[in-house]
Number of protein chains: 2
Amino acid sequence: MDGIVREALQGLSGIVGDKLLSDQATLAKRPTKEQLVKLLKSSPPDQGRSLEDVVKEFEDILSYRFNVNHPRFYAFVPSTASPLSWLGDVISTAFNNYAGSSESGSGICAVEESIIRWVAEKFGLPPSAGGQFVSGASLACLTALTVARDQLVEDDMRTKATAYVTEETHFCIAKALRITGLLKHQIRTVPCNAEFQMDRESLRRAITQDIENGLKPYVVITTCGSTSTGSIDPLDAIADIAAEHRMWMHVDAAYGGSVAFCESRKDLLQGIGRADSIAWDPHKWLFQTYGCSVILFKDKSHPRESFATTADFLRDVEDGYVENPFNFGVELTRPARHMRLWFSLQILGTDMIDRMILRGFELSDLVQTELSKLIKWEIVTPSNMAVINFRFNPPGKSAEAIDEINSLVSKRMAAQNIAIVLTTRIRGVVCLRMCTINPQTTDDDIRDIIGALDQNARLISKGIILK
Amino acid sequence: MDGIVREALQGLSGIVGDKLLSDQATLAKRPTKEQLVKLLKSSPPDQGRSLEDVVKEFEDILSYRFNVNHPRFYAFVPSTASPLSWLGDVISTAFNNYAGSSESGSGICAVEESIIRWVAEKFGLPPSAGGQFVSGASLACLTALTVARDQLVEDDMRTKATAYVTEETHFCIAKALRITGLLKHQIRTVPCNAEFQMDRESLRRAITQDIENGLKPYVVITTCGSTSTGSIDPLDAIADIAAEHRMWMHVDAAYGGSVAFCESRKDLLQGIGRADSIAWDPHKWLFQTYGCSVILFKDKSHPRESFATTADFLRDVEDGYVENPFNFGVELTRPARHMRLWFSLQILGTDMIDRMILRGFELSDLVQTELSKLIKWEIVTPSNMAVINFRFNPPGKSAEAIDEINSLVSKRMAAQNIAIVLTTRIRGVVCLRMCTINPQTTDDDIRDIIGALDQNARLISKGIILK
């Protein structure tokens with residue numbers, strides 16, 4: 001087997017290097033039904049196959065996808081993974097270190113703790129803060145909301161506990177709350193203001209009313225960079241309300257948290273340091289490959305009270321200077337998710353990271369500037385945290401027709417391999433949405449794309465291009 | 001940046017290849033306090049550092065660890081990761097595919113579904129089965145126990161729900177149950193029989209009594225390959241009891257599930273196909289790197305009812321032939337954890353995998369044979385599922401002295417860099433425990449190690465080696 005691995009390693013530059021660095025041609029590729037059914041029905045062979053054959057098939061399988069790393073992919077939150085993140089992960093996973101206990105992985109656990117401390121400082125959390133790396137914000141938020149419940153809800157008040165979200169809150173929060181045992185009627189959706197931020201007076205009223213009804217408000221979930229509009233809830237004001245009622249404030253900063261690493265924009269996060277817990281995804285706007293997320297707690301004794309356990313077979317895993325990660329979260333065995341981030345930060349330096357984040361702001365501002373030069377286009381939500389929503393909105397068409405035109409524009413842009421700009425619904429209308437955080441996107445990319453959007457919208461609107 | 005990546009790729013064989021394949025000298029290495037404190041206090045640099053410097057420091061950090069992949073590492077569940085698993089992951093992560101939705105990753109999601117189907121068949125689950133890859137058994141069990149609760153516990157019975165485990169049940173189960181909202185008094189620990197298996201009559205009595213008390217027994221958690229002793233609960237008998245009371249049977253087969261892929265031993269798993277859910281870790285005994293685990297459901301509509309969600313920004317992610325993974329589990333964004341397993345299975349073939357698993361059984365049988373040739377050694381739990389517990393037990397010593405001798409033997413073996421054989425407690429006494437699933441362990445390794453254990457035990461027992 002050593003031979004196979006050596007051969008593969010020596011050829012790795014050819015196997016993945018060229019693909020990784022240059023095969024950016026296709027934005028989206030789907031298999032035919034036949035290709036898909038063949039994959040679905042396949043089973044592993046009894047006898048091994050040649051490396052060459054397997055790698056070839058592997059490439060086919062991987063090619064059927066949205067190329068979320070492409071500089072012209074703007075849907076959802078695009079991946080902006082730097083090849084350096086991948087490289088850091090390659091080296092780290094080669095050693096297959098065990099990141100579950102500090103005795104088993106002293107070096108990597110110490111580095112995890114140092115990164116967590118550094119990030120917590122950047123967010124303005126106190127020295128008591130702690131946390132860990134998890135697979136994504138869904139798990140980060142689940143970890144936080146479990147701890148919030150355990151810290152603030154007495155056992156006999158579980159059925160009376162109430163949590164507060166908005167319509168901009170990511171759906172992973174409701175999922176996480178339900179996993180922790182909340183029923184749907186225990187989750188309040190607080191209205192947003194015109195800027196898609198949690199309305200503080202509505203929050204206050206909802207809490208007061210629940211208390212009057214004998215319920216137990218325990219957690220308010222704020223969003224720092226919503227997926228749809230990039231909105232940030234008024235963190236300071238909500239922290240005041242949470243403090244007043246002795247509630248937990250969780251900040252879902254999965255998307256927006258990265259702005260803490262951009263000096264000229266970090267003031268946007270004002271108040272985040274008052275959170276009891278913060279979820280943040282380096283695999284979104286800090287250029288890491290998927291599976292690199294962080295959960296932070298203001299006080300690291302809080303997660304310990306929910307998760308610390310022991311077992312006889314761990315008796316020789318002594319406590320040392322470094323925390324045992326399994327006492328701070330859901331997992332025992334886990335990969336070393338943070339070493340890729342360590343590697344990226346060391347090679348790039350924080351000044352470069354700062355500029356790479358800033359670039360996202362500049363790009364969505366450019367989208368807005370270019371759109372404002374055109375007629376018949378409407379900015380639905382302005383450039384905010386590198387997210388912008390807009391639509392072609394010619395006069396004299398029905399609401400349905402305009403929704404349809406914008407949907408077709410999105411499809412046409414993909415079919416032409418120009419850009420992936422998907423639609424979303426904002427206050428009931430279909431919009432085109434761009435999230436421009438990929439620093440490899442050029443100004444010319446943006447100008448080309450806005451031009452193509454406009455041209456397609458006009459042709460579709462005139463009935464020259466049909467569905 | 002391309003230059004750095006190309007350079008690194010071309011040098012990857014040197015960077016990690018030699019280390020990966022040949023640096024097996026050190027079983028365990030710990031940093032000095034100074035080295036550790038330096039790591040703990042470090043922060044990322046403002047300006048980037050050279051690739052060479054960073055890789056060198058990276059190697060230092062990774063070297064401070066238990067070498068869990070070493071053929072002479074037998075503690076916990078050792079890692080048996082094949083370099084092929086790492087290689088599959090390297091190729092897969094290079095493309096940073098998004099494995100959260102089938103539209104975004106059609107190819108990899110189809111392959112995930114095909115592997116899940118194939119695994120479900122091997123376990124004897126019906127065609128209705130489904131599931132997904134998660135990071136580890138902690139998350140797999142959490143996923144299952146959330147679904148079990150949602151399927152069987154009416155909203156107004158949440159506080160009366162009761163779950164059944166044994167002392168051999170892994171602690172991640174109690175953790176998962178608590179996350180889903182169960183309080184400690186809702187978890188019953190059913191006694192085990194002499195073989196460390198859940199005692200069926202005790203289970204039946206506990207359920208009956210809880211029903212009489214107006215409670216709602218809803219899930220029994222069985223273990224298929226316990227960490228301490230390798231024991232397997234009587235799955236068929238417990239499935240009967242679960243069916244009788246309309247309860248959910250979860251099988252934690254994180255460790256033992258792999259035996260389904262070993263023709264000559266798969267009968268050990270008799271009854272596993274009657275489970276409502278099964279957790280299994282390919283990163284334990286199927287030779288994968290960390291972060292490769294599976295949760296399976298008898299009926300794939302069950303997880304959908306707990307986890308299916310939608311969001312406006314996902315409106316263009318259409319349902320196709322392939323399931324959207326985010327509707328079947330806790331996560332939305334997630335890495336493609338399964339492609340490394342696909343790669344290993346394709347290159348090795350299932351016949352080779354079968355032999356690699358069988359080797360684990362042979363090795364622990366050999367440990368037992370070698371020990372039985374010696375005097376003063378006691379087999380505490382016999383070779384079972386590649387796990388064996390034993391102790392040096394000379395006559396005329398106090399119970400404390402014997403515990404102390406065995407603990408010292410363990411430490412001495414590590415200090416001599418001979419083998420990592422840690423201790424555990426079985427029925428109150430300290431035992432040495434070996435889990436022998438690494439197929440790279442040779443017969444000579446085992447004979448050397450048993451010889452060294454005996455020699456050390458005798459010297460320590462005579463007071464010739466002191467603590």
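Trainee: Which residue does the UniProt annotation "modified residue: N6-(pyridoxal phosphate)lysine" cover?
Mentor: This is a predicted model, in which local features need pLDDT of at least 70, side-chain atom pairs count only at pLDDT 80 or more, and totals for chains, interfaces and linings use all residues. Residues are numbered from 1 along each chain as its sequence is written, and chains are lettered from A in the order in which they are written. UniProt positions follow the numbering used here, and annotations may be inferred rather than shown by experiment. According to the unreviewed UniProt entry, the residue is A:Lys284.

Trainee: Is A:Lys284 buried or exposed?
Mentor: A:Lys284 lies in helix α11 (residues 282–285) of chain A, helices being DSSP runs of H or I with at least four residues. Buried means under 20% relative accessible area, exposed over 50%, and partly exposed in between, with a 1.4 Å probe and protein chains only. Because its relative accessibility is 14%, A:Lys284 counts as buried.

Trainee: Which residue of chain B is in contact with A:Lys284?
Mentor: Contact means heavy atoms within 4.5 Å. Leaving aside neighbours within four places in sequence, the contacts of A:Lys284 include A:Val77, A:Tyr255 and A:Ile437. From chain B, the contact is B:Thr333.

Trainee: Through what kind of axis are the two copies related?
Mentor: Copies are superposed by least squares on the C-alpha atoms of residues with pLDDT of at least 70 in both. Chain B is superposed on chain A by a rotation of 180 degrees with 0.0 Å of shift along its axis (RMSD 0.0 Å). The two copies are therefore related as by a two-fold rotation axis.

Note on methods: Heavy atoms only, no water. Helix = DSSP H or I, 4+ residues; strand = E, 2+ residues; numbered from the N terminus.
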